[in-house]
Amino acid sequence: MKPATAAKKLGVYLEATPEEFQAGVVSRDELTELQANPPEWLRDLRRNGPHPKQLIAQKLGISTSALVRAGLTEALTTDQINAIKEENPDWLVRERETYKEFRAEEARLAEKARLEEQE
């Protein structure tokens, strides 16, 4: 598989991976081995970042669209994410509430569909 696909499956920011990872092709067996026995560079990336936008959004409890609205388009480190959480800016509070409402509506619609299916 392409390095970008492997990086996504590993939950890491591709541009922060070693050059040989970015330039190569990752087999399914290699991916499985990386997941089961991550090398130091992978453990470090997972721990400290920089992290991909999906993981940043997850750590902040918001959507990836909210990151864009906030002007956060670059990868962030764990320390940078923690600093945003500690600061708890108004935009983050609003986006968390919006995301919470969105998830609740998703759950409501899924439950409604499930109940209609049972009828």
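## Surface and burial

In this predicted model, the protein exposes about 8100 Å². Buried residues account for 26% of the 119 residues in the protein.

## Fold and overall dimensions

The secondary structure consists of eight helices and zero strands. Read from the N terminus, the order of elements is therefore α-α-α-α-α-α-α-α. The protein is more spread out than a compact globule, because its radius of gyration is 18 Å, well over the 14 Å that the globule rule gives for 119 residues. Taken along the principal axes, the box filled by the C-alpha atoms is roughly 50 × 45 × 20 Å.

Contacts also describe how the chain is arranged. Among those between residues at least 6 apart in sequence, 52% join residues at least 24 apart.

## Charges

The protein carries 18 positive and 22 negative charges.

## Serine 63

One residue may be examined in detail. Serine 63 is found in the loop that lies between helix H5 (53–60) and helix H6 (64–69). A polar atom of the serine 63 side chain lies 3.1 Å from the backbone nitrogen of alanine 66.

Which residues does serine 63 contact when its neighbours within four places in sequence are left aside? They are Ala57, Arg69 and Tyr99.

Terms used: Residues numbered from 1 in each chain as written. Predicted model: local features only at pLDDT ≥ 70, side-chain atom pairs only at ≥ 80, totals over all residues. Heavy atoms only, no water. Helix = DSSP H or I, 4+ residues; strand = E, 2+ residues; numbered from the N terminus. Polar contact = N/O pair within 3.5 Å; in protein donor to acceptor, adjacent residues only side chain to side chain. Contact = heavy atoms within 4.5 Å. Rg over C-alpha atoms; globule rule 2.2 N^0.38 Å. Buried < 20%, exposed > 50% of the residue type's maximum accessible area, 1.4 Å probe, protein only. Areas by Shrake-Rupley, 256 points an atom, 1.4 Å probe, with all protein chains shown as cover. Lys, Arg positive; Asp, Glu negative; His and termini not counted. Charge placed at Lys NZ, Arg CZ, Asp CG, Glu CD.
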